Amino acid sequence: QHKPLFSFLGFQKTSLLKQLAVGLPIFFLTFTLFVGLPILLGADKSMWLGGKSGNLFQTLLNIVFLMLIVGPIEEIIFRGFFMGSLHELTGSSIKAVLLSALLFGLWHFPVNQDFLQVIFSGLMGLIWGFARLRMKNCSIISLAFAHGLHDTFINLLGMLLL
């Protein structure tokens, strides 16, 4: 017996504010681990941050794109569709998280990222996948919010620090 599509993809009926609130610590964790620490340890900032944009309008448009398009769509695909499908296929939530995280990491390979960034993307996928499984009120909305914030702050810091 199949779940309704929105439930299968990880959407929840709980309060939207609760779902968004759950996304904040997830964002802080992934941003600290995969952006803050590498930069503090001396990694090349241009490898971890977005580039400078031409103007304020372009920056605002980019933020809207990251928050409303990139984060939500990638989360619906990887922590929604792939995790749900892989769970049905393997019968294991753990395998579903691991395999969807691997696919998420590989997804980032063709976008001019080096191997370490692909590994970090896969590790972020693990955190986001396990958060969805284990955290109360963690939904696709929570993860899309965390993901969008992560991408947005990478771009904002790139404007400030590069």
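This passage describes the side-chain interactions of one predicted model.

Local features were taken at pLDDT of at least 70 and side-chain atom pairs at pLDDT 80 or more, while totals for chains, interfaces and linings use all residues. Residues are numbered from 1 along each chain as its sequence is written, and side-chain values use heavy atoms, without hydrogens and water.

Helices are DSSP runs (H or I, at least four residues), numbered from the N terminus. A salt bridge requires a side-chain nitrogen of Lys or Arg within 4 Å of a carboxyl oxygen of Asp or Glu. The count by this rule is one salt bridge. Glu75 pairs with Arg79, and the closest N and O atoms are 2.8 Å apart. Both residues belong to helix H4 (residues 56–90). They are four residues apart, about one turn of the helix. Both Glu75 and Arg79 are buried (under 20% relative accessible area; exposed is over 50%, partly exposed in between; 1.4 Å probe, protein chains only).

Rings of Phe, Tyr and Trp (its six-membered ring) pair if their centres lie within 6.5 Å; planes under 30 degrees apart count as stacked, over 60 as edge-to-face and the rest as tilted. The count by this rule is 10 aromatic pairs. In one of them, the ring centres of Phe27 and Phe153 are 5.2 Å apart, and the planes meet at 45°, so the pair is tilted. This pair links distant parts of the chain, with Phe27 in helix H2 (residues 16–40) and Phe153 in helix H7, 126 residues apart. Phe27 is buried at 5% relative accessible area. Phe153 is partly exposed at 35%. Phe34 and Phe120 form an edge-to-face pair, 5.1 Å centre to centre with 65° between the planes. This pair also links distant parts of the chain: Phe34 lies in helix H2 and Phe120 in helix H6, 86 residues apart. Phe34 is buried at 8%. Phe120 is buried at 17%.

Asn137 lies in the loop between helix H6 (115–134) and helix H7 (140–161). Its relative accessible area is 16%, so Asn137 is buried. Beyond neighbours within four places in sequence, Asn137 is in contact (heavy atoms within 4.5 Å) with Gln12, Thr14, Lys18, Gln19, Val22 and Ser142.

Note on methods: Helix = DSSP H or I, 4+ residues; strand = E, 2+ residues; numbered from the N terminus.
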